[in-house]
Amino acid sequence: MPHLHTCSFKGGLRLNPLTLFTEVAGIQVDQPLDPESFKKRRQSVDNYEEGHTGSQKNFVWAQLDRVPLLDSAGIALKVAQITDAMYRSADQGQEIQIS
């Protein structure tokens, strides 16, 4: 069964075009992102990727002990925090920190 990693990340996103802004080893990085290419690459190398293509499939695969069960409540909370921070950032015109 694959192990899920967690990490601390500081950065930002531009939505159009989708671009990641962060710092790596003291160097400012702005990296365009292509979600479809990433998805195709993951599917080609990760035997467990299919178990994460939807909440129902994840639940079934987790019951079969093929993948870890996703923390959908935790994911929903993080999405709500990010969405709130995006609105506050746009309203205040400044970076908003998320803990």
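Analyst: Strand β2 (residues 18-24) pairs with β3 in the antiparallel sense over six bridges, where strands are DSSP runs (E, at least two residues) numbered from the N terminus and two of them pair if DSSP finds at least two bridges between them. This is a predicted model, in which local features need pLDDT of at least 70, side-chain atom pairs count only at pLDDT 80 or more, and totals for chains, interfaces and linings use all residues. Residues are numbered from 1 along each chain as its sequence is written, and side-chain values use heavy atoms, with hydrogens and water left out.

User: Which residue in β3 is the bridge partner of T22?

Analyst: The bridge partner of T22 there is V29.

User: And in what order do the three strands form the sheet?

Analyst: The order is β1-β2-β3 in an open sheet with antiparallel pairing. Both β1 (11-15) and β3 (27-32) stand at the edges with a single partner strand each, so one side of each is left without a neighbour in the sheet.

User: Switching topic, which residues of helix α2 are buried?

Analyst: In α2 (residues 55-63), the buried ones are N58, W61 and A62, buried meaning under 20% relative accessible area and exposed over 50%, with a 1.4 Å probe and protein chains only; helices are DSSP runs of H or I, at least four residues. Seen down the axis of α2, the buried residues fall within an arc of 100°, taken from the directions from the helix axis to the C-beta atoms, so they line one face of the helix.

User: What does the face turned away from that buried side carry?

Analyst: That face of α2 carries the exposed residues Q56 and Q63.
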